[in-house]
Amino acid sequence: MALVWASQFLSIMGFSFALPFAPYFLQQELGVITHAALQMWVALFSSSAAVTMAIAAPLWGVLADRYGKRIMLIRANLAGAVVMSLMGTVHTPLMLIVLRLMQGALTGTMTAAQAFLAGEMPRERRGLAVGGLSAAVFSGSMAGAFCGGFVAHWAGYRAAFGLSGILLLLAGLLVLCCTRETV
C-alpha cells in the first residue's frame, strides 16, 4: 500500500512539476505573444487532456479487468514519463496540444492506482487505502508545483518538463519493481 502511495506521490508531483507554468512556456519558448492567442492556447492546453482522458478511461478500465490493474498503473506512469518529457522538446503550440491530448489518452494514474489498491486491499482497509492515496495526490500536487517553479526559474521550462518525465518514470519503476498483483 505504501509503495503505491509513494508512486502516486511521484506521479502527481511529476504532472504538477511542469504544468502550472504552461502559459509562460507558451509565451517565452513557443512564441505566443498576443493576449488573445495566449488565451486560446492556454484554454486548449488546460482542457485537452480531460477530453481524451474521458474518452480513453473506459477502455483502460476494460483492459485492467482483462489484463490486470497493476499493469495499467505501470502503463499510465510510463506513458506519462514519455509524454511529459516530449513536451519539453516541442517548438510549436500545436505540438504541445497534441502531446497534451496524448497525455489524457494514455495516462490516468489516479484511477489506475485506485483500482489497483481496491483489488489488493482487504475490505476493512479500503477506506484507509483510498484516503492515503488522496493524501499522496494532494501532497504530490503541492510539492510538484512548488519544486517545479524553482526548477523552471533556475534551469528553464524545458528542464522542468524533463524532470517531470523523470519523476513519472520513477513512479512507474517503483510499481514495476516493488509491487505485485495477487488477484
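The model is predicted: local features need pLDDT of at least 70, side-chain atom pairs count only at pLDDT 80 or more, and totals for chains, interfaces and linings use all residues. Residues are numbered from 1 along each chain as its sequence is written, and side-chain values use heavy atoms, leaving out hydrogens and water.

**Exercise 1.** Check the span of helix 1 (residues 2-18).

Solution. Helices are DSSP runs of H or I with at least four residues, numbered from the N terminus. The expected span is 1.5 Å times one less than the number of residues.

**Exercise 2.** Decide how far helix 1 is enclosed by the rest of the structure.

Solution. Buried means under 20% relative accessible area, exposed over 50%, and partly exposed in between (1.4 Å probe, protein chains only). Among the buried residues are V4, L10 and F15. Their cover includes helix 4 (69-87) and helix 7 (126-155).

**Exercise 3.** Is T179 buried or exposed, and what does its side chain reach?

Solution. T179 lies in the segment after helix 8. Its relative accessible area is 14%, so T179 is buried. The T179 side chain reaches the backbone oxygen of V175 at 2.6 Å. Beyond neighbours within four places in sequence, T179 is in contact (heavy atoms within 4.5 Å) with L3, V4, R70, F116 and L174.

**Exercise 4.** Classify I166 by accessibility.

Solution. I166 belongs to helix 8 (residues 157-178). Its relative accessibility is 45%, so I166 counts as partly exposed.

Key:
Helices (H or I, at least four residues) and strands (E, at least two) are DSSP runs, numbered from the N terminus. A polar contact is a pair of N or O atoms within 3.5 Å; within protein, one must be able to donate a hydrogen and the other to accept it, and residues adjacent in sequence count only if both atoms are side-chain atoms.
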